Amino acid sequence: MRFLFPSDYFNPKKADAAYLEQVACMQNAGFATSVISLESLGSDSSKIIPVPTPNSKLVYRGWMLWLGDYELLVSVVENTGASLLTSKAEYLATHYLTNWYPLITDLTPETKFYSVDDDLESELNRLG
């Protein structure tokens with residue numbers, strides 16, 4: 001098992017400062033770690049440093065990604081012969097509240113969803 005972190009914007013061989021403590025904890029626990037430049041996803045220069053071994057599983061520990069960016073991440077990982085622990089379908093199912101909220105409606109207060117085109121003031125007034 002290898003943990004994959006976003007790299008520092010200015011030093012793509014080093015983890016983003018926000019994740020340095022997690023990287024150290026994972027390494028101290030005996031796990032391998034790698035980094036990837038999220039800014040380079042979708043380009044020919046996108047690579048994982050150090051490259052994971054073929055058939056290894058990676059756990060992405062980083063910023064939330066749009067589905068398209070996660071698809072690009074999956075592609076980069078699979079190009080090394082490795083795979084992500086969380087599939088594209090699993091990421092989509094858990095990433096957006098609207099996808100998983102129906103599974104817990106009986107365990108949490110009611111939640112309302114609105115689109116950017118809704119008249120929020122009118123909707124809030126309707127709720128009282």
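Tutor: The largest pocket has a volume of about 180 Å³. A pocket here is an open set of points on a 1 Å grid over the protein atoms alone, where a 1.4 Å probe fits, with protein on both sides within 12 Å along at least five of seven lines. The volume is the space filled by probe spheres set on the points, which are joined across faces, edges and corners. The model is predicted, so local features need pLDDT of at least 70 and side-chain atom pairs count only at pLDDT 80 or more, while totals for chains, interfaces and linings use all residues. Residues are numbered from 1 along each chain as its sequence is written, and side-chain values use heavy atoms, with hydrogens and water left out.

Lining residues have an atom within 4 Å of a point. Among them are Tyr19, Tyr60, Arg61, Trp63, Met64, Tyr91 and His95. Strand 4 (57–60) and helix 3 (88–95) each supply at least two residues of this lining. Helices (H or I, at least four residues) and strands (E, at least two) are DSSP runs, numbered from the N terminus.

Val59 is another lining residue, and Val59 is also in contact (heavy atoms within 4.5 Å) with Arg2. Arg2 lies in strand 1 (residues 2–6). Leaving aside neighbours within four places in sequence, the contacts of Arg2 also include Ala32, Pro50, Lys57 and Leu58. The side chain of Arg2 makes a polar contact of 2.9 Å with that of Ser34. Such a contact is a pair of N or O atoms within 3.5 Å; within protein, one must be able to donate a hydrogen and the other to accept it, and residues adjacent in sequence count only if both atoms are side-chain atoms.

Arg2 is buried but has no salt bridge, and the nearest side chain of opposite charge, Glu78, is 16 Å away. Buried means under 20% relative accessible area, exposed over 50%, and partly exposed in between (1.4 Å probe, protein chains only). Lys and Arg count as positive, Asp and Glu as negative; His and the chain ends are not counted. A salt bridge is a side-chain nitrogen of Lys or Arg within 4 Å of a carboxyl oxygen of Asp or Glu.

The whole structure has two salt bridges. One joins Lys112 and Glu110 at 3.0 Å, N to O; Lys112 is partly exposed at 43% relative accessibility, and Glu110 is exposed at 64%. In the other, the closest N and O atoms of Arg126 and Glu123 are 3.1 Å apart. Arg126 and Glu123 are three residues apart in helix 5 (residues 120–127), so about one helical turn separates them.
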